[in-house]
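Subject: A structure for you to explore

Hello,

Here is the structure I promised to pass on. Have a look around it first, and then read my notes below with the model open beside you.

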Amino acid sequence: MFSKLKTISLTLVAIFALAAIAASAASAAEYHAEEASEAKPAFLFGESSDTVLTIKHSPTNVTVACASTKLAGSSTVKAAVTMKLHPTYSSCKLNGVAATITVPSTCGYELGVAKDEGLIEFPANSGKFQTFWKASAAVASCGSPIKIAAGSCTVEVKNQSGLQSVSTLDQGSGTSRDIFMIIQLSGIKVSQKAGCPGEAGEFTTGEYSETMTLKGFTNELMTTQQGIWVE
C-alpha cells in the first residue's frame with residue numbers, strides 16, 4: 001500500500017514538474033523576422049529622442065540627456081532568443097554641459113529572453129489592452145567601457161547583465177510590423193571620475209530610460225521594410 005502511494009506521489013511530482021517546465025516554456029518568447037539568413041540578414045533600426053541616464057548620489061545627481069539615440073543591429077536567423085543592438089548617441093548634455101558618448105564598435109545592449117507580461121492598457125492605442133513582453137538587458141561585448149565625457153567629467157559603463165527591464169509591444173501587420181520598446185533600467189553600474197558633479201567612485205545607482213519603435217529591413221540601406229515581432 002505504502003509502495004503504491006509512494007509511486008503515485010512520485011508520478012504526481014513528475015507531472016507537476018513537467019507542467020511547470022511547459023508553462024515556463026510557453027511564457028517565453030523569441031524575436032522574429034520575416035526573412036533572415038547568413039546570406040541575407042535582417043537589419044534592425046530604431047531611433048529615440050527621449051534618452052536619459054541618471055546617476056543618483058550625494059550631493060548632486062548626474063543626468064545625461066540625449067536628443068537623439070539610434071539602435072542598430074542585425075539577425076541571421078528568423079527566430080532568436082536574444083537580440084543585440086549597438087547604440088549611437090548625439091546631441092547629449094551632462095547636467096546641461098555638452099557631452100559626447102563613445103561606444104566601442106563591438107559593444108551593445110543585449111535583450112534577454114522575453115516573457116509574457118500580460119495584457120496592459122496602452123494609452124497610445126486608444127486605451128486598448130494589449131500583450132506586452134518583458135525582458136532583462138545587458139551591456140555586452142564591450143572590450144573597453146562606454147565613455148561619457150563632458151568637460152573635466154568622465155563616466156564609464158562596463159559589461160553587466162540582469163538589468164530590469166525592457167517592455168515590448170508588437171505593432172502593425174505584414175511587412176510593416178514593428179516593435180515598440182519601453183526601456184526602463186535601474187541598478188546600472190557606473191564609474192565616475194573626479195571632476196564630475198558629486199563624488200567620484202563606483203556606483204550601482206544608474207537609471208536609464210527611453211522609448212522607441214524598432215523596425216526591420218531587408219537591406220542595410222533600410223529602403224525595404226520587413227515585419228519583426230516578439231512571440
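A cavity is a set of grid points where a 1.4 Å probe fits but cannot get out. Please keep in mind that this is a predicted model.

With that term in hand, let us start inside. The structure holds 1 cavity of 30 Å³ or more, and the space in this largest cavity comes to about 310 Å³. Its lining is made up of 24 residues, and Y89, Y109, V139, L185 and Y208 are the ones that lie nearest the centre. What sort of residues line the largest cavity, by class? They divide into 22 nonpolar, 1 polar and 1 charged. The element that gives the most to this lining is β15, with 4 residues.

Leaving aside its neighbours within four places in sequence, L94 is in contact with V62, T63, V64, A99, I148, A150, C153, V155 and P197.

Next, which strands pair with β15?

- β13 (residues 153-157) pairs with β15 in the antiparallel sense over 2 bridges. Here E156 has S191 of β15 as its bridge partner.
- β14 (residues 160-171) runs antiparallel to β15 and is joined to it by 7 bridges.
- Q192 stands opposite G201 of β16.

While you are there, look at the turn between β14 and β15. These strands form a hairpin with 6 residues between them, and in it G172 takes a positive phi near 75°.

As you trace these strands, remember one rule: in a regular strand, side chains alternate between the two faces of the sheet.

Now for the pockets, which unlike the cavity are open. The largest pocket holds about 180 Å³ of space. It is lined by 15 residues, with L44, S74, S75, A80 and T82 lying nearest its centre. By class, that lining has 8 nonpolar, 5 polar and 2 charged residues. At least two lining residues come from each of β2 (31-33), β5 (62-75) and β7 (83-94), and β2 gives the most, with 3.

The second largest pocket has a volume of about 160 Å³. Which strand gives the most to its lining? That is β5, with 5 residues, while β3 (42-48), β5 and β7 each supply at least two. Among the lining residues you will find F43, F45, K70, H86, E220 and M222. Sorted by class, the lining of this pocket has 6 nonpolar, 4 polar and 2 charged residues.

Enjoy exploring, and write back with any questions!

Best wishes

Terms used: Residues are numbered from 1 along each chain as its sequence is written. This is a predicted model: local features need pLDDT of at least 70, side-chain atom pairs count only at pLDDT 80 or more; totals for chains, interfaces and linings use all residues. Side-chain values use heavy atoms; hydrogens and water are left out. Contact means heavy atoms within 4.5 Å. On a 1 Å grid over the protein atoms alone, a cavity is a set of points where a 1.4 Å probe fits but cannot get out, and a pocket is an open set with protein on both sides within 12 Å along at least five of seven lines; lining residues have an atom within 4 Å of a point. Grid points are joined across faces, edges and corners, and a volume is the space filled by probe spheres set on the points. Ala, Val, Leu, Ile, Met, Phe, Trp, Tyr, Cys and Pro count as nonpolar, Asp, Glu, Lys and Arg as charged, and the others, Gly among them, as polar. Two strands pair if DSSP finds at least two bridges between them.
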